[in-house]
Amino acid sequence: MRNGNIVGRSVPRKEGHDKVTGRALYVDDWTLPNMLYGATVRSTIPRGKIKNITFGCGIDWQQFVIVSAQDIPGKNCVALIGEDQPCLADGVVNHPEEPILLLAHRDRHLLPKAVAAISIEYEPLPAIFSIEESERLSEIIWGEENIFKTCLIEKGDVHRVWEMADHIIEGEYRTGAQEQLYIENNGMIAEFDPRYGITVWGSLQCPYYVHKSLMKLFNLPEDRVRVVQMETGGAFGGKEDYPSMIAGHAALLAIKSGRPVKIIYDRMEDMTATTKRHPSRTRHRTAITHDGQILGGEIQFTIDGGAYQTLSPVVLSRGAIHAGGPYYWPAVRIQAKAVATNVPPHGAFRGFGAPQSIFAMERHMDEIARVLQISPIEIRRRNLLKPGQTTTTGQIVSEETNLDKLLNRALELADYDSQKARFESENARNSKKKGIGIAAFLHGAGFTGSGERYLSSVVGVEVLSDGRLRVLVSSTEFGQGTNTVLCQIVAETLGLAFDDVLIAQPDTNQVPNSGPTVASRTAMVIGRLVQSAAIGIRGTLTSGGFLKEHYSREEFLAACRAYVEKHGPFRSLARYEQPADVVWDEEKYSGAAYAAFAWAVYIAEVTVDLTTYSVSVDDFVALQEIGKVLHPVLATGQITGGVAQGIGFALFEKVVWDQGRMQNGQMTNYIIPTSADLPPIRVYFEEWGNAHGAFGAKGIGELPMDGPAPAVVNAITDAVGVALNSIPATPEDIFDALSLNNQAGVISSTTVNRD
Amino acid sequence: MSTTTHQPQKSEISFTVNGQRATVHAHPMERLLDVLRQQVNLTGVKEGCGEGECGSCSVLMNGVLVNSCLVPILQANGADIVTIEGLASQDRLHVLQQAFLDCGGAQCGICTPGMILAALHLLSKNPQPSREEMGEALSGNLCRCTGYTQIVESVAEAARRSTGR
């Protein structure tokens, strides 16, 4: 696709200068006069009734502001999809680290001592910690059967496929919890003024989620709650829902104390108490022909949602819709459910259910290939979706989609055939085994199904008195490039320079509700709306006689100034309208699940050291089709960052649980990749376009999280010849898998040979 | 949040930071990180983990890269400290800052100050590091956004621009 003057070019990141000079203000960099610091007293058990709370001696409790559930003026909940999660536990706790009391003091150093001096007596109740325990129903901890949500996708007649099959191949695949591990911990400042209501400033992704939640918690109208996003040091989904909790806490303390209150989590509190990626279990049963054609199958996708519903229903939806991968299924039944356990609620993390179900699909494809004795490439090639075919939900694949071409290019870039042959011949002589693995996948951009229609996002572009324009959105910047890309779109649309367009700090008093910054929706959905609003500005100027049809940049800016001088500052708003061809049946889970899919083929090369069982990733090719690449450097950075997180998900990042509490909530023992652990990640794009996005853009943020784990694990399996069906695969796990295999010759997939 | 234990007495401690003399009154075991952020108002020094793992609080102390969350302020007495705020001269960015801006080395920005100082330390010892040397030298500074590829490219670009190659 053609580049414009600004779109398609790597202009400097809008807030980049402040970031490289240390001037950018994150929430902990900011203080208000007379500010207190807040801390949270949390449950130490997974489930039970609170019997007694004792404030220990040695602390002058008069100096502390203390808040409990009784201080909540509105409904005691963190309002999101449901309202089941309390803001402060009231009588019962359902997971470790559940907030019970809040403290504030002017000296932040005294707070840890005070928290430690409070002892809480419980009557413990039996707790459950795994999907299997939840399914057993020995303890009912949520609803009638511990289920937050189920969904069912049905296509064709699955009953008929088993008798037509040459092989029926089964497998079970698991993924663990994963911590987002943004480097800036969660934090929030709240202030209460009886005249204006509550204001919070914080590290967050979704200003209007926090806004909605505070209105409910304090029983206030919308104009009495103001939410402002500060510079945010990484989020990755981890600051989608939990900031509503912290904002509530800070605001409760601010109201009770009459002073501003700042709450900043330390690393361990952030890691043990806030959300993580949902652990998952996926079971595949696939009917297949001798030559590797998928006839149909059943997929059971189950995720552990933790103690409260939070975002689990929508994580489940996305995971289920992506569970069939980029393949054509003539018939399929996908049964998905999110279950409750007594662990802190799991939440959003880049990919949002898709990395879990795609790990299973892509491992399963390699297992099918192994059983059929055909190559992992061929099994994929024979089943990749083609234009005119339909996805598992019946969405028709568009004309320009050419997955065969994408696959071929990735193989060329990775030099797949010759590397594969070389490793096979060299591995016999070496204790360091090399392998190469592939993953093909897709990721839907924007909210699932009717989500965008319900959100009905509004954006604005306003004209400032100096003639420059300012973008007004609640879409937040936390590293991905929101600020830059939206300004590029406006500048390109109107023929302006990049510096002529500014973006407002997300502040619910200043910007309309353009929805949350999640779901790979900003560039595609919000970008398109911002483009419409920009066109509206031009329309106002031309219809008012301030601007001719053909104009220069200088003439446009002069027209803006002239308009403002005569009529005052003005803004143009645009509201989302569902494209006519995006039709979704919420009941049947069928139709167009997303306005657009991005497509990708990733190839990883690994070395497994059979002395230490450690794995190094030696090469990584990430090829994707994302529509128009609006900003090559930012887009590449999204991919490399997502790939690094995906490699961590596969190899390093293991949450160690005991009684529902994370035991390794430190950077010392929860390991993410460092610069010494990763190869240069080679990023390539195809641009096939997208009718629904600004300048043809699709979503990009989550896609790179989906493919690395299966590509890396498929490469390990290629290297050592043993199927690894659970991640993370640490050296200990690989050692165990190899030992088990040597002892019993176990293979995890079962084959029914129909010959 | 700090876990510093409170000492009864505050001490007067002086050091040079970004070329300016600073005198503070602090408990000897207070963290250099807190003193720089709260008393000298240098909030470009970031706290990521508070235990020396992430490198976000990196500063140069007497030319050595240190995690300021692990340095008791007493040890900084008489030291020469450089933070991210000391790199740009007026409005002209340091070559590393410009390269991070051009090559995508900064995304969310929270690791950026520490990362740039770690890179500065590397280039001061080794003006033309190999990719492996860069990976090794920056491995004490965690970044969750970039996957490091563009950080390494930024440092390589700064090295090229500095040495004129």
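Tutor: Axes here are lines fitted to C-alpha atoms, for helices over the stretch in contact, and angles run from 0 to 180 degrees between N-to-C directions. Helices (H or I, at least four residues) and strands (E, at least two) are DSSP runs, numbered from the N terminus. This is a predicted model, in which local features need pLDDT of at least 70 and side-chain atom pairs count only at pLDDT 80 or more, while totals for chains, interfaces and linings use all residues. Residues are numbered from 1 along each chain as its sequence is written, and chains are lettered from A in the order in which they are written.

Student: How do you know how H14(A) and H15(A) cross?

Tutor: The axes of H14(A) (residues 482–494) and H15(A) (residues 522–543) come within 9 Å and cross at roughly 40°. A crossing is right-handed if the near helix is turned clockwise from the far one by less than a right angle, and left-handed if anticlockwise; H14(A) passes H15(A) in the right-handed sense.

Student: Which residues make H14(A) and H15(A) meet?

Tutor: Contact requires C-beta atoms, placed from the backbone, within 7 Å. Among those that meet are Val485(A) and Ile489(A) in H14(A), and Ile526(A) and Val530(A) in H15(A).

Student: Why does the span of H14(A) agree with its 13 residues?

Tutor: The expected span is 1.5 Å times one less than the number of residues, so H14(A) should span 18 Å, and its end C-alpha atoms, 19 Å apart, agree with that.

Student: What makes H14(A) mostly covered?

Tutor: A residue is buried if 20 or more other C-beta atoms lie within 10 Å of its own, exposed if 12 or fewer, and partly exposed in between; in H14(A), 13 of 13 residues are buried. Gly495(A), which follows H14(A), has a positive phi, near 75°.

Student: Why are S2 and S4 of chain B placed at the edges?

Tutor: Strands pair if DSSP finds at least two bridges between them. The open sheet has the order S2-S1-S5-S3-S4 in chain B, with mixed pairing; S2 (20–26) and S4 (64–67) each have a single partner strand, so one side of each is left without a neighbour in the sheet.

Student: How do you know that S3(B) and S5(B) are joined?

Tutor: Two bridges join S3(B) (residues 58–61) to S5(B) (residues 80–82), and the two strands run antiparallel, with Leu60(B) opposite Val82(B).

Note on methods:
Contact = placed C-beta atoms within 7 Å.
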